[in-house]
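This short report walks through one protein chain.

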Amino acid sequence: MKPNSGTLVINIMNGGKAEAYEGVYQCTARNERGAAISNNIVIRPSRSPLWTKEKLEPNQVREGDSLVLHCRPPVGLPPPIIFWMDNAFQRLPQSERVSQGLNGDLYFSNVQPEDTREDYICYARFNHTQTIQQKQPISVKVFSTKPVTERQPILLTPTGSTSTKVELRGNVLLLECIAAGLPTPVIRWIKEGGELPANRTFFENFKKTLKIVDVSEADSGNYKCIARNILGSAHHVISVTVKAAPYWITAPRNLVLSPGEDGTLICRANGNPKPNISWLANGVPIAIAPEDPSRKVDGDTIIFSHVQERSSAVYQCNASNEYGYLLANAFVNVLAEPPRILTPANKLYQVIADSPALLDCAYFGSPKPEIEWFKGVKGSILSGSEYVFHDNGTLEIPVAQKDSTGTYTCVARNELGKIQNEVQLEVKDPTMIIKQPEYKVIQRYGQVSFECIIKHDSTLLPTVIWLKDNDELPDDERFLVGKDNLTIMNVTDKDDGTYTCIVNTTLDSVSASAVLTVVAAPPTPAIIYARPNPPFDLELTGQLERSVELSWIPGDENNSPITNFVIEYEDGLHEPGVWHYQTEVPGTQTTVQLKLSPYVNYSFRVIAVNEIGRSQPSEPSEQYLTKSANPDENPSNVQGIGSEPDNLVITWESLKGFQSNGPGLQYKVSWRQKDVDDEWTSVIVANVSKYIVSGTPTFVPYEIKVQALNDLGYAPEPSEVIGHSGEDLPMVAPGNVQVHVINSTLAKVHWDPVPLKTVRGHLQGYKVYYWKVQSLSRRSRRHVEKKILTFRGNKTFGMLPGLEPYSSYKLNVRVVNGKGEGPASPDKVFKTPEGVPSSPSFLKITNPTLDSLTLEWGSPTHPNGVLTSYILKFQPINNTHELGPLVEIRIPANESSLILKNLNYSTRYKFYFNAQTSVGSGSQITEEAVTIMDEAMASRQVDIATQGWFIGLMCAVALLILILLIVCFIRRNKGGKYPVKEKEDAHADPEIQPMKEDDGTFGEYSDAEDHKPLKKGSRTPSDRTVKKEDSDDSLVDYGEGVNGQFNEDGSFIGQYSGKKEKEPAEGNESSEAPSPVNAMNSFV
């Protein structure tokens, strides 16, 4: 663990095995106030096991029949990627007739004579360990019969008429249907009782695979695939259930209480199945934690009553189901503290006029203090709609004015005392650019100046920054920045662009921009193209309640014709100073009829536009105030949803200011209980968008409508919407719970539905809580981890997958509505039968002698029943890696070691070891070991090297080689060719030809029977040459040069040598000899 840290570092780069660190880790932090714990962290080593050795018989198939070539790859962690290739490392072509299934098998809807070949090879690529395993080649021979009989479709996979599929929310759902038939069937997919999601549905593998991304609970249902050809059709229905790992609805939060106070910790989570909620105190299950009389656990809530200081602790909430879990820590701190104000005294706040002001009053105390605000020394308490009081003590003035300046006092008080603090507020005038830079067209080598005259609050110090094209000005002495302007001397073409004046103060910032266009100086007087001058002499005529006619006189177009006029309006009543787009007309038109709204004080202005740009706005027209009228429309998005069992919350979207059509905008909110002969109840409110109806019955439907009105009358009658009052928790538990155990890992549970009137809300389904009590083989209890399955709707049965064999379980069932869960049914006990065991925990081979080895092993981590025996198989491996005869020994289950005698000396043996229960054999582990060498033979090998005649012979050979090298050196210096050189020139060795970039070759690999991953080397024909023309799509083409990597479609990963090593091809190896890359341990 790192010093001064809670970080745990596991480093196996310098030795050690990843398997030694496999397990579940959890961190605990503890002090005198309590203990907090982390989420579980699971570490598992990646694995790429060997392919099971099997004898493959040739497949003889009649033309037109279907065929399935099974891959059955070894189970790895993570699972391998499967792909099929031939002996020349070419991808096998796939089509509607021939395709690979999701399980890796190769399916033929009907075979053709061209399918005959002896090199159908399945490859398994393990990405994490960067290894590739290959299966032995499969032979297929198609024999023809005349005539070929056509057949209607039948489904090869899945089998039967129905099947089920479970997927997690947010994952990708893959459904597959592959059919046999002649002609080749076409696959079509539908969803029974619904449509396939339009933007998330994709078809793959020639429409044999239906892919839906980002699935949700709404995607549950029955999906039907239909296979059809001219002779008929076949179909299969897949029932899809979408589950979900837990996610928070309300995570527990830290709680500060004073002695004698009450409080609650709430932990609510959702998922599918519904998560099980369990509590811990200081990392210990609350059931066995030290007792606290002030604490009561009620499902997902802990209720504290009359707490004392000793009740302080850290509580953990665990929400889990079979697909995951959540863990949250919450500190319950019980203390008695008089109020403290944390905001510094006399803190100064400065804001710009008409903007919000937030005055802080950060406080602390227990019990929680009450906060009050005063203005001035003797002012009264602040209240009213012009102020907003936040829970953290902050006072908000939404629209601060100059008269808001002054001293504000915050007072915090509780039963242990009172404290106050003063802060100062200053409201400043906004910064404005009263003369903005204007668009300029300037001739090359001329001089141009942009003005930027500002007005600001006298107490603020402004800074003016000029930018060119949103970047700093060029570092050029031609650019002169004055107090109110920017001047550019000796203008060049590169000065063309947009210039921006930015004015910053400590409280606000404003900016304005203008474009500079640089043109060449013409030989004749230049025609200046510029933006048009603004229109003038605006006049309003024909004033009506909802329309008016506006006319104007265009300004000078400055040598560029006016293309259009833009008309803008200002509402001096609701938004003075803000101009809005009204309409635009062609440049040839100087009058326009404008549509108006009631109760708006209109002013209009006109902007002329040509190809150079927009003119400055015209002077505003005279004002025209339209008459008030009833509202034309009602609020939108009206909803009624109860937040408590006895209320109905009615909400709506308020109308905008100009939509009011007159003064005194209000809303008439009406409601009545549906299907009951009641009169409408109404209330009129203003300046709100929500109304709460209290004292309603629990979960009943209501008719709701909201109507706008002003001083002149009502809007049209609104439409009604249906809402519901609040839900409450269900009242009763499901009855008659029965369990039927199907096999060692699967059970089916049944129950009777609860009466709908007791649900008291929207029935969402039923939740089955189940947990393992103990393992029947070990009789040792462990920490109970409850799992939850949720069954939507009024379903009365469900399957419990993922059970552990030979174990005792308990379960109960609860009904669920929108408020939460009802009471649990009585716990039901059931047991699972035996299964096959896991592999032995270890196998060690020690004490090698000339003819014996000692084996020691550990029992399986998961026996899954009563062990009956162990099975040991072993065989010798010779110097060419060929396997010898296989010997099998059965060992009693109570043994943990064995001495093997009468073995051959200096021989390598390979061992296969697994455990058995009455159900069958478990997975095996393998190990290799070598008996020691015969001492007499080793002595004879050493004696040869010490004989005098042998030493003399070696010296003579060395002398002859030296003389030959001297002669070759002399001949080369004279420019002649020595015989060896001539022979090399005449007969170039293909083994040492330079390799082209596009002619890379594979590294060597072991034969399909080797059960070994591909590794560095080469695979070549018997004459040890590599022929490029044999494969136009070699495996090298799937990589990048000689260091190719596999893509996701199954091409190679790892490094392969492009040069062939000159050594004989390997024989039938079966012992694993991984490359350095394969030997690297990595974690998932």
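## Disulfides

A disulfide is a pair of cysteine sulfur atoms within 2.5 Å. The link is left-handed, with -70 degrees about the S-S bond. Cys452 sits in the loop between strand 42 (448-451) and strand 43 (453-455), and Cys501 in strand 48 (residues 497-504), 49 residues apart. Strands (E, at least two residues) and helices (H or I, at least four) are DSSP runs, numbered from the N terminus. Both Cys452 and Cys501 are buried. Buried means under 20% relative accessible area, exposed over 50%, and partly exposed in between (1.4 Å probe, protein chains only).

The whole structure holds 5 disulfides. Their pattern is 1-2, 3-4, 5-6, 7-8, 9-10, with bonded cysteines counted along the chain. Cys71 and Cys122 are joined at 1.9 Å, S to S. The torsion about their S-S bond is about -70 degrees, so this disulfide is left-handed. Cys71 lies in the loop between strand 6 (67-69) and strand 7 (81-85), and Cys122 in strand 10 (residues 117-126), so the pair ties together parts 51 residues apart in sequence. Cys177 and Cys225 form another disulfide, their sulfur atoms 1.8 Å apart.

## About the model

The model is predicted: local features need pLDDT of at least 70, side-chain atom pairs count only at pLDDT 80 or more, and totals for chains, interfaces and linings use all residues. Residues are numbered from 1 along each chain as its sequence is written, and side-chain values use heavy atoms, leaving out hydrogens and water.

Strands pair if DSSP finds at least two bridges between them. Strand 52 (residues 564-571) and strand 55 (residues 601-609) pair over 8 bridges.

Another open sheet has 3 strands in the order 50-51-54, also with antiparallel pairing. Here 4 bridges join strand 50 to strand 51 (residues 547-553). Phe536 stands opposite Ile553 in strand 51.

## A helix residue

Where does Ile966 lie? Ile966 is in helix 2 (residues 948-973). Ile966 is partly exposed, with a relative accessible area of 46%.
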